[in-house]
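Please look at the model below and follow, step by step, how one residue leads to the packing around it.

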Amino acid sequence: MIFAELFYTFFIIGIFTIGGGYAMLSLIQNQVVVQHSWVTAQQFTDMVAISQMTPGPIGINSATYVGYSVIEAMGGSPFLCLLGSFTATTAIVLPSFLITLWVCKLYVKLKNNATFHTVLQSFKPVVIGLIATAAIQLITPDSFIDWTSWVLFAAAFAVTLFTKVSPLWTITAGGIAGYLLYI
């Protein structure tokens with residue numbers, strides 16, 4: 001039953017998310033923390049941090065993490081935990097895959113239609129709103145706890161914005177600074 005619930009939850013998130021992983025975060029947070037109580041707000045924040053550090057899209061990584069964690073919390077075997085990860089990951093990717101196939105076929109037919117291009121342009125404000133919602137939810141007092149994190153964020157933002165230092169060096173320096181500050 002939990003596998004069907006995981007699939008349904010992440011399939012719905014996949015259907016209603018436009019704009020990628022960061023736009024998904026507010027929907028994932030609402031479902032896994034508020035609606036289902038599968039993870040706590042602190043666990044969700046940790047999940048986002050881990051999902052950002054691992055290769056791949058953050059929304060898919062988050063689904064994988066939640067799928068594993070939910071089954072593990074229920075006392076499932078490692079195989080069932082992997083099956084939970086696979087279920088949630090497949091469910092969140094499947095709508096995008098199917099929609100992309102449909103849009104590709106539609107685009108071939110409508111590529112010269114001005115109304116079609118206008119509809120695609122209208123999605124931009126929606127995507128910005130979804131990403132802003134995710135950012136606001138991640139900086140609430142329950143999630144973004146201490147001033148050290150804010151200082152590290154501000155420093156990384158300033159270095160990225162005002163210098164030509166590679167983002168890889170900024171991430172590495174931030175990781176080392178975070179490790180040294182939190183040990």
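In this predicted model, Val-32 touches Phe-10, Ser-37, Trp-38, Val-39, Phe-44 and Val-66, if its neighbours within four places in sequence are left aside. Val-32 also belongs to the largest nonpolar core, which has 24 residues, and it is listed there with Phe-10, Ile-28, Trp-38, Phe-44 and Val-66 among those with the most contacts inside that core. The elements that give two or more residues to this core are α1 (2-15), α2, α3, α4 (58-73) and α5 (78-110). In soluble globular proteins, nonpolar side chains tend to be buried together.

We can now turn to pairs of helices. Two packed helices are described by the angle between their axes and the distance between the axes. For α1 and α2 the angle is about 155° and the axes lie 10 Å apart; since angles over 145 degrees count as roughly antiparallel, α1 and α2 are therefore roughly antiparallel to each other. Their crossing is right-handed, and in it Thr-9, Phe-10 and Ile-13 of α1 meet Met-24, Leu-27, Ile-28, Gln-31 and Val-32 of α2. Sorted by class, this contact has six nonpolar, two polar and no charged residues.

Helix α2 (residues 21-35) also packs with helix α3 (residues 41-53), at an angle of about 150° and with the axes 11 Å apart, and the crossing of α2 and α3 is right-handed. On the α2 side the contact is made by Tyr-22, Leu-25, Ile-28, Gln-29, Val-32 and Val-33, while α3 contributes Ala-41, Phe-44, Met-47, Val-48 and Gln-52. By class, the contact of α2 with α3 has nine nonpolar, two polar and no charged residues.

Key: Residues are numbered from 1 along each chain as its sequence is written. This is a predicted model: local features need pLDDT of at least 70, side-chain atom pairs count only at pLDDT 80 or more; totals for chains, interfaces and linings use all residues. Side-chain values use heavy atoms; hydrogens and water are left out. Axes are lines fitted to C-alpha atoms, for helices over the stretch in contact, and angles run from 0 to 180 degrees between N-to-C directions. Helices (H or I, at least four residues) and strands (E, at least two) are DSSP runs, numbered from the N terminus. A crossing is left-handed if the near helix is turned anticlockwise from the far one by less than a right angle, and right-handed if clockwise. Contact means heavy atoms within 4.5 Å. Ala, Val, Leu, Ile, Met, Phe, Trp, Tyr, Cys and Pro count as nonpolar, Asp, Glu, Lys and Arg as charged, and the others, Gly among them, as polar. A nonpolar core is a set of buried Ala, Val, Leu, Ile, Met, Phe, Trp, Tyr and Cys residues joined through side-chain atoms within 4.5 Å. Buried means under 20% relative accessible area, exposed over 50%, partly exposed in between (1.4 Å probe, protein chains only). Angles under 35 degrees count as roughly parallel, over 145 as roughly antiparallel, 65 to 115 as roughly perpendicular and the rest as oblique.
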